[in-house]
Amino acid sequence: MNYFEQINQTDAEYLQEQLKQRNDLFNVSRRSFLRNLGIGTGSLVLGLQLPAVSAVPMKWADKPAADNVFSPSVYLKIAKDNTVTVIVHRSEMGQGIRTSLPMIVADELEVDWNNIAVEQALGDSKYGSQNTDGSRSVRRFFTPLREAAASARTMLTQAAAKKWKVAVNECVAKNSFIVHSNSNRKLSFGELVDDAMDLEVPKKESLSFKSPEQFNFINQDKQVALVDGKDIAMGNTSFGIDIQREGMKVAVIARPPVIASKVKSFDATEAKKVKGVVDIVQLDNMTEPPFFKPLGGIAVIADNTWAATEARKKLKITWDWSEHREHSSKKQKQALKESSKTASNVLRNKGDTTAALGNTKQRIHAEYYTPALIHAPMEPPMATAEFKDGIMHVWACTQTPQSSQRTVSQMTGIEPDKVKIYVTLLGGGFGRKSKPDFLVEAAILAKKQGYPVKVIWTREDEVQHGYYHAESYQQLTAAIDDQKVTAWQHHVAEPPIGSTFNAKAKHITSEANLGLIDMPYNIPNVRCASGEADAHHRIGWLRSVTNVNHIFAAGSFVDELAHHLNKDPKDFLLEMIGDDRHIDLSEQAEYGNYGEDIKQYPIDTARLKGVIRKAAENSGWDNKRKDNHFMGISAHRSFASYVATVVEVSKTKDNKVKLENIWMVSDSGTVVNLERVRSQMEGAAIFGISIVKYGEITSENGMVEQSNFHNYRVARITDVPNIHVDVLINNEPPGGVGEPGVPPIAPAICNAIFAATGKRFRELPLYQQNIFAS
Amino acid sequence: MITLTINGKKHQLDVAPEMPLLWALRDVLNMTGTKYGCGMSLCGACTVHLDGEPTRSCTLPVSAAKNKSVTTIEGLSEQGDHPVQQAWQDLNVPQCGYCQSGQMMSAAALLAKNASPSDGDIDSAMQGNICRCGTYPRIREAIHQAAKKQSAS
């Protein structure tokens, strides 16, 4: 039974399960209800209750009171002028969600795309999770939005049938009309709004859904113009940085260069002399653990950004350093190497790896190191706050308006319902903007100063005061007997995300789900374990999270094993994955599966092999290669999607390489907006190139050494080869899209470099290795 | 008082002469289409045209723009139908869109000088503009498309 058959069936057990998770839809536009609320009745408003879904980094998220409590609703509004307004409750940061979520509604409800309007939701728990990370927006809201749309369609159809006094099943929705073909009559959605509003919302089990062959957008190769495309082209958009309020001042903050350090004393005499400076304000010191608290420091408030940044340079601050002053990346690397050697905290165990490694004739060992990374979205964090009549209004480029609301409330003492969070467009997010510290800074200043304040983070602020993707030391060991891999041991030591919320946390938890314990190879003895690691910065999550470093290591190591065995790396991957099956880790590990039910979203080896075979086919892997051209391959399932990557490099006479082609094949099941899935895969490849070539945050004396794009480099147009994306489409439930493309890029590039040059790079980044031809 | 000509219109500004044009545009004139990304001429998000030349406004003092003509994304066309803006929409180039004002201004300046740029020409003209989302392949394609449209009209 495919997914669509599953949701169309009236199987009592299935429905019961669904109902356990969801309350019924309710028609909030019923006149009496709206009258009671004092709301006008011009439009049909459908709310729906959404499932209580767990966040991907649940263990991390539930501590800072994040989005694991859900009493949600997502709304559609149908107006008499036929406009169907979709209230998009997820943040737009380049993934195209303001276009894609409305496409789900337009498809299931049969709306003419020209009649679709989009409204951005405020932060409100009634919408369900708004925490836009973990590649979850379509994955989690595909079905609820279809249910909402199907309910609306049913009610409009019933309204028309009633009017025409014909059977409901003789009427169909088509392109913003309900049509009765027998009599050649039709009524627009808008004309039916009044009548539909008085109907009961249909019971969920009575809903019928479109079948795949009836879709207009879903699983179709149809490009839809971006909802914000024209505004972007005209510079007419509103990002976090673009908010202007009457009487607003601009603030920049001199934050402690070493985390948890305190201001001992400061002299603002020179700073105050800068024309346009309005005030200098000392912020409360931050006490660990950091959560989403502001870092403290001295705020400079001025009429404009230039005055504020110039004055900040003139501040003289003496810091009372925290213990993190002792931190250096070099020492940290050594400590992680040591702790990953023994790695006492077992996260997956199968068979007896220690015995197998002890008894083998051929033991292969390799160590990998990846540095800390920072997000570097083109728009740094930005927030504007205005405290007026007891209400705190905050406009910000946030990925997570609800935890922003809660955190602002906690830190300012203003009741949550008096904190309004307005989500602007995000100039990139990549996980940075799911930490609301920057909104809190603006709210605190606005409350204290009594006028609207925009807090600007400069690039330097963003690079030096972030929530970092942690540095990671990994040791992989395998046993080979009779040409077969008989043991796989993967040890990691990396500062855990948990340390941001619990000062005592020294071991990874949920991070293990991401490319460590979900290792898909069919090997009798497996041990995955972590060693202790101290954090000296705020540790956060960055696009694809620990999949990035875990798959760099595991995807390189499996290639190393192929070469040891003198096998073709692609054939070896397929051999290692083995038979078609759903991998069951239940007896070996506590596997989170990205918060999804493992029955609905199994680890399906056939799909993993499918993307590998397709990538090999598209790249001509098995064909004779061009002279001096070499390929590397890697594949990984993450966020419930499968991606394989083949990278082709050419080799110069002096044994350097040039990236020539990248083939990406993804299988994320049902696809809503194919063109945006392709764009995410293109972007993921380039994000991966940045990681391989340039990404590196280092610290000395507890301070981040990089500051801007000259020393925290990211890929430019000149770094980018031809990228060929192939999205496989099927009727499996939708998987994640924003992140799964990133993890296989680093190992595929390094495997290609090895094929070309015989050089195995086990540390990133590569820019100082002099390996790329200019 | 400094007088600037922006998108064909004169503006009088009472700002420090060393204030970068970027902040004069954004904070003083409320023209927010031009973006901040680095403040060091490293990323190109703030690109405007100064007498037709692509220029990073984040490091250009307003005093240096006196007696020159400044064009920002808001002034590239009236209706958003400059061939570059059109190609950007046709190909759904943007992801988050933040860097795209700067990308389009660099692209428009390139096409004004070079009616049919090669991939190499595009790379060298565009390498000062960072896009973290990774829209570079579509930027290349869109510039080619805009070039074709421009030469056809």
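## Salt bridges overall

Over all chains, the count comes to 49 salt bridges, each defined as a side-chain nitrogen of Lys or Arg within 4 Å of a carboxyl oxygen of Asp or Glu. This is a predicted model, in which local features need pLDDT of at least 70 and side-chain atom pairs count only at pLDDT 80 or more, while totals for chains, interfaces and linings use all residues; side-chain values use heavy atoms, without hydrogens and water. Residues are numbered from 1 along each chain as its sequence is written, with chains lettered from A in the order in which they are written.

## Salt bridges within chain A

Lys337(A) pairs with Glu367(A) in a salt bridge, with the closest N and O atoms 2.9 Å apart. The pair links distant parts of the chain: Lys337(A) sits in helix H11 (residues 329–342) and Glu367(A) in strand S15 (residues 362–370), 30 residues apart. Helices (H or I, at least four residues) and strands (E, at least two) are DSSP runs, numbered from the N terminus. Lys337(A) is partly exposed at 25% relative accessible area. Glu367(A) is partly exposed too, at 23%. Here buried means under 20% relative accessible area, exposed over 50%, and partly exposed in between (1.4 Å probe, protein chains only).

Glu379(A) bridges to Lys433(A), with 3.1 Å between the closest N and O atoms. Glu379(A) lies in the loop between S15 and strand S16 (382–388), and Lys433(A) in the loop between S18 and H14, so the pair ties together parts that are 54 residues apart in sequence. Both Glu379(A) and Lys433(A) are buried. Glu617(A) and Lys614(A) form a salt bridge at 3.5 Å between the closest N and O atoms. Both lie in helix H18 (residues 605–619), 3 residues apart, so about one helical turn separates them. Glu617(A) is exposed, at 56%, and Lys614(A) is partly exposed, at 24%. Elsewhere, salt bridges with shared partners join Asp107(A), Glu110(A), Lys174(A) and Lys210(A) into one network.

## A buried lysine without a salt bridge

Lys435(A) is in the loop between strand S18 (419–423) and helix H14 (437–449). Lys435(A) is buried yet has no salt bridge. The nearest side chain of opposite charge, Asp133(A), is 6.2 Å away. Lys and Arg count as positive, Asp and Glu as negative; His and the chain ends are not counted.

A polar atom of the Lys435(A) side chain lies 2.8 Å from the backbone oxygen of Gly431(A). Setting aside neighbours within four places in sequence, Lys435(A) is in contact (heavy atoms within 4.5 Å) with residues including Phe292(A), His375(A) and Trp541(A).

## The interface between chains A and B

The contact takes 60 residues from chain A and 51 residues from chain B. The buried area is about 4,600 Å², with 57% from carbon and sulfur atoms. That area is the accessible area (1.4 Å probe) that two parts lose on being put together, summed over both. In chain A, Trp306(A), Met378(A) and Ile717(A) lose the most area to chain B, together 18% of what that side buries.

Between chain A and chain B there are 5 salt bridges. Asp242(A) forms a salt bridge with Lys35(B), the closest N and O atoms being 2.5 Å apart. On the side of chain A that touches chain B, H19(A) gives the most, with 10 residues.

Notes: Polar contact = N/O pair within 3.5 Å; in protein donor to acceptor, adjacent residues only side chain to side chain.
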